[in-house]
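Open the model in your viewer and keep the sequence panel beside it. The tour goes from one selection to the next.

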There are 2 protein chains.
Amino acid sequence: MEYMDIKVKFIKGFADKTRLEILETIKNEEKTVQQIVDAIKGNQSNVSQHLACLKGCGIVTARQEGKFIHYRLLDEHIKSLLEMFDTVLGDVKQQVAACDKNEKCLCGRGAYKCLTKRKKISL
Amino acid sequence: MEYMDIKVKFIKGFADKTRLEILETIKNEEKTVQQIVDAIKGNQSNVSQHLACLKGCGIVTARQEGKFIHYRLLDEHIKSLLEMFDTVLGDVKQQVAACDKNEKCLCGRGAYKCLTKRKKISL
DNA sequence: CCCTCACATTAGTGATCTATAATATGACTA
DNA sequence: TAGTCATATTATAGATCACTAATGTGAGGG
C-alpha cells in the first residue's frame, strides 16, 4: 500500500461528523462505548462501527477491562492534530460556510454550486 | 450551517488522493491548472473539479492572469496542516497500513476487515 | 450452566463522492 | 470577429460510504 493511500485513509478517518463527535468526546479522557453512545446520543451499532473505523485508521486505541472496552486517542499527536483543525478553521470558517449556502461542496455536481460565476477579468 | 458541518467539509477537502496530489504540487508555489494536470498526470476536467472543491473547502485560492488561472494554498496554516499530516503519519503508518491488507477500513461493510478478531482477555 | 450486559458483526439500502466524456465559456490573437 | 487556448460546467454511471436493524460473541454473575 502506497504512502499516499495510507494518508488518504488516515485523513478520511476524521472526515465524518459522527467520528469527529466521538473524538471530541474522548479527546481528554478515555471512555467506554456506552459512554460515547450516550455522549453523542448515537446508536450502539453505529458508534461501534465508527470506533472500528477510527481504530483501523490509526486514530484511536482500545483497552479491554472486563466486559468494558475503553477507547482513547492513540497519542498526543492526534490531539494536536484535532486542535490544529480548529485553529486553521478559525481563519477559513467564513469562506467554507459561505460556499455552502447551496449545500455540499465536494466533487461531482455539488462542487460547482460553490463557485462564484466567472467574471470578466482581463489583466 | 453548524460548526461541526463546516469542519467536516473542510477535512473532507483533504480526504482524497487526487486532491492531496494537487496540494503536494502547489505546496510551495502557485501553478496553473495545466501545470497541475501535467504534474499529476491527471485529466483536465477532473483536476478542475477537484480545484473547485479545494477552493470551496477553503484550502486553496485562485488568481486569474489573462487566460491562466493560478492556484495556491490559501495560507501558511494550510501548509502547516499538510506537514502535520505527514508528521503524525510517521507514528501511525504501520498501524494504518496493517489493517489495510484487507482493503478499506471505513464505515460500512469494509470497516470490519480491519479488526483483529476479539481475543479472550480477562482481567 | 443460563442469563444478561457490553460490544462487535453482518446484511441491506440509500446517500454521497469520484471519474469520464461531452460541452460551454471567457480571454487572447490573427 | 473567427479561431484557439485555458479552464469551468454538466450529465451520468459506477464506486464508496454511512445508517439501521438484526444477530452474534465474549465476560461476568447467579
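How far apart are the end C-alpha atoms of helix 4 of chain A? Select residues 44–56 of chain A: the ends are 18 Å apart, which agrees with the 18 Å that 13 residues should span at 1.5 Å a residue. The expected span is 1.5 Å times one less than the number of residues. Helices (H or I, at least four residues) and strands (E, at least two) are DSSP runs, numbered from the N terminus.

This is a predicted model: local features need pLDDT of at least 70, side-chain atom pairs count only at pLDDT 80 or more, and totals for chains, interfaces and linings use all residues. Residues are numbered from 1 along each chain as its sequence is written, chains are lettered from A and ligands numbered from 1 in the order written, and side-chain values use heavy atoms, leaving out hydrogens and water.

Stay on helix 4 of chain A, where the buried residues include Val47(A), His50(A) and Leu54(A). Buried means under 20% relative accessible area, exposed over 50%, partly exposed in between (1.4 Å probe, protein chains only). Just after this helix, Gly58(A) takes a positive phi of about 75°.

Next, select Phe10(A) and Phe14(A), which lie four residues apart in helix 1 (residues 3–14) of chain A. Phe14(A) is buried, with a relative accessible area of 0%. Phe85(A) lies in helix 5 (residues 76–98) of chain A, so the pair ties together parts that are 71 residues apart in sequence.
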